[in-house]
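Here's a walk through the fold you have on screen. Keep the viewer open and follow along.

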Amino acid sequence: MTYQFEKASVLVVDDMRPMLALTASLLKIFGFKNVYTAVDADEAFAVMCVNNPDLVITDWLMEPQDGIDLCNRIRTDPKCPNPYVPIVLMTGYSARVRVEQARDVGITEFLVKPFTAKDLYTRIEQLIEKPRRFVDANEFFGPDRRRRKNDEFKGPFKRGGDRHTDTIKTANDERIQNILKRLRQETKDVTGTGE
């Protein structure tokens, strides 16, 4: 499916300026008109607070704070205008332990370097076509880490370590509902279907 991204904005964060420029160029080719850039996590958070982008794409390895630190700050800092923003993490390290670490701080999608334009577009398409509900538990806030539905599961909790005292909020939360409503409207505008 072809999307029109003129109304959407994206923040790209990478301390390697050639990679930052390349990623920003690809996004502009995809149709994004508002592409903000930052070379470190502090600058990125400041841009996030001022411009409130619809998507964040960040590199993992940066100094002094990395992409994981940035994601954690976006998800937990009360100054952040949208802790629900989708975050794509770019990295050259794809070991399972790294993917799990990223997932556990609230990364929405994982993009392994080197990547193609198609790989980047596919991640953005995944965010649009298969959005994930957010979970707010005692020790985690971010997109639901479980991607597969298990119809055989009969208990109240998915993990053996789940505590009965955890309070889980999903898409019933009024703020999430408003964000989802806005995304649905933007999708209608983008696809032109008017559905």
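**A walk through the model**

Let's begin at Arg 73, which is partly exposed at a relative accessible area of 27% (buried means under 20%, exposed over 50% and partly exposed in between, using a 1.4 Å probe and protein chains only). Its salt-bridge partner is Asp 77, with the closest N and O atoms 3.5 Å apart; a salt bridge here is a side-chain nitrogen of Lys or Arg within 4 Å of a carboxyl oxygen of Asp or Glu. Asp 77 counts as buried, at 18% relative accessibility.

Before going further, some ground rules: this is a predicted model, where local features need pLDDT of at least 70 and side-chain atom pairs count only at pLDDT 80 or more, while totals for chains, interfaces and linings use all residues. Residues are numbered from 1 along each chain as its sequence is written, and side-chain values use heavy atoms, leaving out hydrogens and water. pLDDT is the predictor's confidence in each residue, on a scale from 0 to 100. For the protein chain it averages 81, and 76% of the residues reach 70 or more. The stretch to handle with care is 164-168, where pLDDT stays under 50 and the model has nine contacts beyond four places in sequence (contact means heavy atoms within 4.5 Å). Where pLDDT is low, the predicted coordinates should not be read in detail.

Now to the inside. A nonpolar core is a set of buried Ala, Val, Leu, Ile, Met, Phe, Trp, Tyr and Cys residues joined through side-chain atoms within 4.5 Å. The largest one has 24 residues, and Leu 27, Phe 30, Phe 32, Ile 57, Leu 120 and Ile 124 touch the most other members. At least two residues each come from strand E1 (9-13), helix H1 (17-30), strand E3 (55-59), strand E4 (87-91) and helix H5 (117-129). H1 gives the largest share, six residues. (Helices, H or I of at least four residues, and strands, E of at least two, are DSSP runs numbered from the N terminus.) Another core, of 23 residues, lies apart from that one and includes Trp 60, Met 62, Ile 74 and Phe 110.

Which residues does Ile 57 touch? Leaving aside residues up to four places away in sequence, Ile 57 touches Val 10, Leu 11, Val 12, Val 13, Leu 27, Val 88, Met 90 and Leu 120.

Back to charges: side chains of opposite charge can pair when their charged atoms come close. The structure holds five salt bridges. One of them joins Lys 113 to Asp 59 at 2.9 Å, N to O. That pair links distant parts of the chain, 54 residues apart, with Lys 113 in the loop between strand E5 (109-112) and H5, and Asp 59 in strand E3. Asp 59 is buried, at 5% relative accessible area, and a network of salt bridges links Asp 59 and Lys 113 with Asp 14.

Glu 100 is partly exposed at 27% relative accessibility, whereas Arg 96 is exposed at 66%.

Finally, the backbone. Lys 113 turns up again, joined to Pro 114 by a cis peptide bond with omega about -10°. The peptide bond from Glu 63 to Pro 64 is also cis, with omega near -5°, and Pro 64 sits in the loop between E3 and helix H3 (67-76).
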